[in-house]
Amino acid sequence: MSVKKHSNTSRSASYTNKRKKRRNTIILSIMIPIMIIILGIAVYAAKLYATAQKTIDDSYHELDRTKEVEVDPIKETTSILIMGIDDTEDRNLGSSRTDSLIYLTIDPNNHEVNMVSIPRDTYTPIMYQGQYYNEDKINAAYSKGEEQATIETVEELLDVPVHYYVTFNFDAFLKIIDALGGIEMDVPITFSEQNSDGEMNQITLEEGYQTLNGEEALALARTRKIDNDVKRGERQQLLIEAIVKKALSVGSITKYTDVIEAVGSNMRTDLTFNEMLGIAQTGLEGSYAFNSYTFEWTDFMLNGASMVELYPDSVDFVSHRFRVALGLDSIDERDAEGYEFETNGITNYAY
């Protein structure tokens, strides 16, 4: 087995080419906790409140988990696993694999969100109902036991609890932007990209500042024709900022019903409406700071398939930081020793 080391901000050209056609639902997953907070701003309108409650209630899906969750997300730091599903073929939440995984913690007292993206090709033990099945890409856990297997697999990998989950399908990103009436973005160059159905060169964007609909925003988020993966990540953060600004604008308040319906019809979660509302209302008390962690990793081939191996020390460091956030670990020498890694591996941004 030959491996090639990657930094936490770039990937090899060969690896990038193999993944070129995969949908980039990572922006969808990063957007979800932000949208939950934003939704609290208009929740006092009676019609919106009723619509939101029905939508979230319809999306509620409790899992048969052996460990009961004993945390109050309104008062205590809570962990949530965000699962992005690319369901191009059947358009439902029973898709065979996850396209993106985001583990995050929300601290309502210090108004801080910690997030880490788990590469979909991460080679790791697959767990389900407390049993080890095999080692495979982490996105294969969903095909074994959907959310429950994915949660157990992530808990095993990171040595952290998953208190709640939220699963979104691929349509949510498009529908939220369209429900808001589009977002304003500065497109750096003229280019053509595939649409959400994978049809090549269906979306053409001209250079310049303009309003983008959902399909156009997705094309800008996912394209690799403009620059490299590092710049693409920065571009996706600009897209998130644009979504947040549009959602917070006065002219968008009347569109929240459509936004909630777009999210709810493409979501499954074990968070109740009151829990979501409580989290959202904490955002009214002060803005949240977002800390984004990344892993150091290598890629390798196994039986003709490309796999990702996360470096153990990187996993240990990220796990420790989340355990500190959850009050499970104390700050120790690893935090001082990990300072160089932390400053290179964490991007801080606040809204």
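Guide: Rings of Phe, Tyr and Trp (its six-membered ring) pair if their centres lie within 6.5 Å; planes under 30 degrees apart are stacked, over 60 edge-to-face, and the rest tilted. This is a predicted model, where local features need pLDDT of at least 70, side-chain atom pairs count only at pLDDT 80 or more, and totals for chains, interfaces and linings use all residues. Residues are numbered from 1 along each chain as its sequence is written, and side-chain values use heavy atoms, leaving out hydrogens and water.

Visitor: Which residues do ring pairs link into a cluster?

Guide: Tyr103, Tyr293 and Phe322. Tyrosine 103 and phenylalanine 322 pair edge-to-face, at 5.2 Å centre to centre with 70° between the planes. Tyrosine 103 lies in strand β3 and phenylalanine 322 in helix α10, so the pair ties together parts 219 residues apart in sequence. (Helices, H or I of at least four residues, and strands, E of at least two, are DSSP runs numbered from the N terminus.) Tyrosine 293 and phenylalanine 322 form a tilted pair, 5.4 Å centre to centre and 50° between the planes.

Visitor: Is glutamate 147 buried or exposed?

Guide: Buried means under 20% relative accessible area, exposed over 50%, partly exposed in between (1.4 Å probe, protein chains only). Glutamate 147 has 1% relative accessibility, so this residue counts as buried.

Visitor: With which side chains does the side chain of glutamate 147 make a polar contact?

Guide: A polar contact is a pair of N or O atoms within 3.5 Å; within protein, one must be able to donate a hydrogen and the other to accept it, and residues adjacent in sequence count only if both atoms are side-chain atoms. The glutamate 147 side chain has such contacts with those of tyrosine 142, at 3.4 Å, and arginine 268, at 3.0 Å.
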